[in-house]
Amino acid sequence: MNNDRLLTLGTGRLRTVAAILISEVNQVVPVNRMIDLAWDADPPASARGVVHNHVHRLRRLLAGHAELTTRGQGYALIADPCAVDANRFQDLVFGARDAEPRTAVTMLRQALGMWRGEALADVPGDRVRRMLGTGLAQARVAALQDLGAKLLVLGRYGEVVTELTAWLAEHPLHEELNALLMRALQASGRQAEALDHYHRTRRQLKDQLGIDPGPALDEAYLAVLGQKRAGAPRPARPPEVGPGPVAPQASGRPPVPRPAVAQLPPPIGDFCGRVAELATLDQHLDRVPEPGCVVLAGGGGAGKTTLAVQWAHRLKDAFPDGQLFVDLRGFERPPMRAGTALSAFLRALGVPEAEIPDAVTERSALYRSLLAGRRMLVLLDNAGTAEQARPLLPATPGCLALVTSRRRLSGLMVHDGAALVTVGPLAPADALQLLGNALGPERLAAEGAAARGLVERCDRLPLALRIAAARLMAHPDWSLACWTKKLADERRRLPELSAPEADLSVEASLYRSYRALSSGAARLFRILGLHPGTCVGVPTAAALAGREAERTRRHLAELCDAHLLAEQAQGHYVWAGLVRSYAAQLVAAEETRSEQDLAVRRLLDHFLRSGAPCG
């Protein structure tokens, strides 16, 4: 729609090119990236000319209403961001997070009302829909989840049931939304329906994904059981979540009092390994001053949250006044504001909505005042920056903040005395155990060599291993050897390690880390995709990028901070196979052929001069 005039784009690739430019309005989109997104398979030799022609047609269609400019080796659509539905949707959702519940419900309904089907449903091409539409689809689900939560706060349970039942009829595997529906049914006095819904969802997850329910569904299930079977013993499955009925203590000791706030997610059922990391965390806990802060830093999909939750549950008895938890979504767009998280914490601590201050500094001061004299554990998951986490740190002896992030958050170490624990790949034996927990020891033993190969193809990364295991469980006739061989092809590895039904993929996880980089570090990361090895030194990286050594050193340090590279020895850097595959994919998509050729020539010249490919 263009000033109330409908533009006819047809159903072909012109619509795809338009979608790419609109989704990245006011940003330069390289022609190579447009080609990569617009063709699912290998693009034809004429692809660049086809894109140029489509851009020319769009420029004529938009004349007088928006500007489509040529910028270097790409194009930029210059327009008011609010003219794009996706941006208006995000603005409404973002604004609703700080609004009082009734206003938030109105804003969220307005945002969700803008949807007229699946994201980019009328845009041809699977790849462009996957790369550009997945984030929008996830934001839509998050908005629906926020709406349901606000309606529950307002006691409008029937509306939650109506909204979610319609959505889940088409998307039955979203666990958080299923859990929200169960809570609404329970609050409406329909416990039997809530339990039936849990068991039906559990069967669907097992049949279609080969997995058991996650923390959200398990917690909702236990909540319904707790109301339906007052006084009944806790079932063996699902695992314990939060504070249950007070258990009698051995040797006649008095019972531990139930904490007022218990927001920790339940620990994952098949947690394994991480013995060294748990021991290091215990050592840091003994050394850190009170109030303490520990940062768990690692790459996307490394299992930071799983480890943090596991350790936090081990420490629950040391914090009898309760545990607070928030996902700060630090690498999402937009991330959660510190003020929003503080508002949620204050409500959990008993502050009425009307008494929560507007200013972040005042919210932080009130929050710290309420923690004074208490022993509480605060788990800040997925922090993007030190500044996002700092207002949420307790200031009282007896409290501990546990922060997870893809970055090291050096600011918390320098200014707040935080300890750092790095979460890397699993040990080989632990990675095999994780795979065996899902597939069964018999299947693993039957193809031991293939299983070890699969573990290494997944870089011993928990997210990749869980996705691989889910796909293999869904296809018990698949050979581990055959699938491991398929993952040997670097071009197929990232697409194979995805679970679209659950909106999970290794590629999406890497993308979140990549888009948070500075432009210089992002370019260096792409260019490193042309390097033939797994180790690179500062001089080699500088030659490849065509930049001076000191500037390259700073960008390499940023990539290490983001856990996309690791400094193996001073001045020498290594990266994992999946990360390298992603860099190779990016350089092919976002750098022109001439820029790639020039970088390779610089690299070869450097090798000839130095004779040290890793130097």
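Helices (H or I, at least four residues) and strands (E, at least two) are DSSP runs, numbered from the N terminus. The structure described here is a predicted model, in which local features need pLDDT of at least 70 and side-chain atom pairs count only at pLDDT 80 or more, while totals for chains, interfaces and linings use all residues. Residues are numbered from 1 along each chain as its sequence is written, and side-chain values use heavy atoms, with hydrogens and water left out.

The protein has 28 helices and 14 strands. Of its 615 residues, 47% count as buried, where buried means under 20% relative accessible area, exposed over 50% and partly exposed in between (1.4 Å probe, protein chains only). Among the contacts (heavy atoms within 4.5 Å) with a separation of 6 or more, 68% join residues 24 or more positions apart.

In soluble globular proteins, nonpolar side chains tend to be buried together. A nonpolar core is accordingly defined as a set of buried Ala, Val, Leu, Ile, Met, Phe, Trp, Tyr and Cys residues joined through side-chain atoms within 4.5 Å. The largest such core has 79 residues, and those with the most contacts inside it are Leu497, Val506, Leu517, Phe525, Leu528 and Leu559. Helix α20 (residues 462–474) gives the most to this core, with seven residues. Apart from it lies another core, of 44 residues, among them Met114, Leu144, Leu181 and Ala194. When residues up to four places away in sequence are not counted, Leu528 touches Val536, Ala541, Leu544, Leu556, Leu559, Leu565 and Trp575.

Val536 has its place in strand β12. At 0% relative accessibility, Val536 counts as buried. The C-alpha atoms of Val536 and Glu567 are 9.6 Å apart in space, although the two residues are 31 residues apart in sequence.

An open sheet of three strands has the order β12-β14-β13, with antiparallel pairing; two strands pair if DSSP finds at least two bridges between them. Because β12 (535–537) and β13 (566–569) stand at the edges, each with a single partner strand, one side of each is left without a neighbour in the sheet. The twist averages 40 degrees from one strand to the next. Three bridges join β12 to the antiparallel strand β14 (residues 572–574), and Cys535 has Val574 in β14 as its bridge partner. Helix α25 (residues 538–545) packs on the sheet, touching β12 and β14, and its direction makes about 85 degrees with that of β12. For such angles, axes are lines fitted to C-alpha atoms, for helices over the stretch in contact, and angles run from 0 to 180 degrees between N-to-C directions.

The structure holds one cavity of 30 Å³ or more. The largest cavity has a volume of about 70 Å³, and its lining includes Arg33, Arg127, Tyr511 and Tyr582. Helix α27 (577–590) is one of the elements that supply at least two residues of this lining, and α27 provides its largest share, five residues. The second largest pocket has a volume of about 930 Å³. Of the 30 residues that line this pocket, Asp36, Asp42, Pro43, Gln585 and Ala588 lie nearest its centre. Helix α27 gives the most to the lining of the second largest pocket, with six residues.

Technical notes:
On a 1 Å grid over the protein atoms alone, a cavity is a set of points where a 1.4 Å probe fits but cannot get out, and a pocket is an open set with protein on both sides within 12 Å along at least five of seven lines; lining residues have an atom within 4 Å of a point. Grid points are joined across faces, edges and corners, and a volume is the space filled by probe spheres set on the points.
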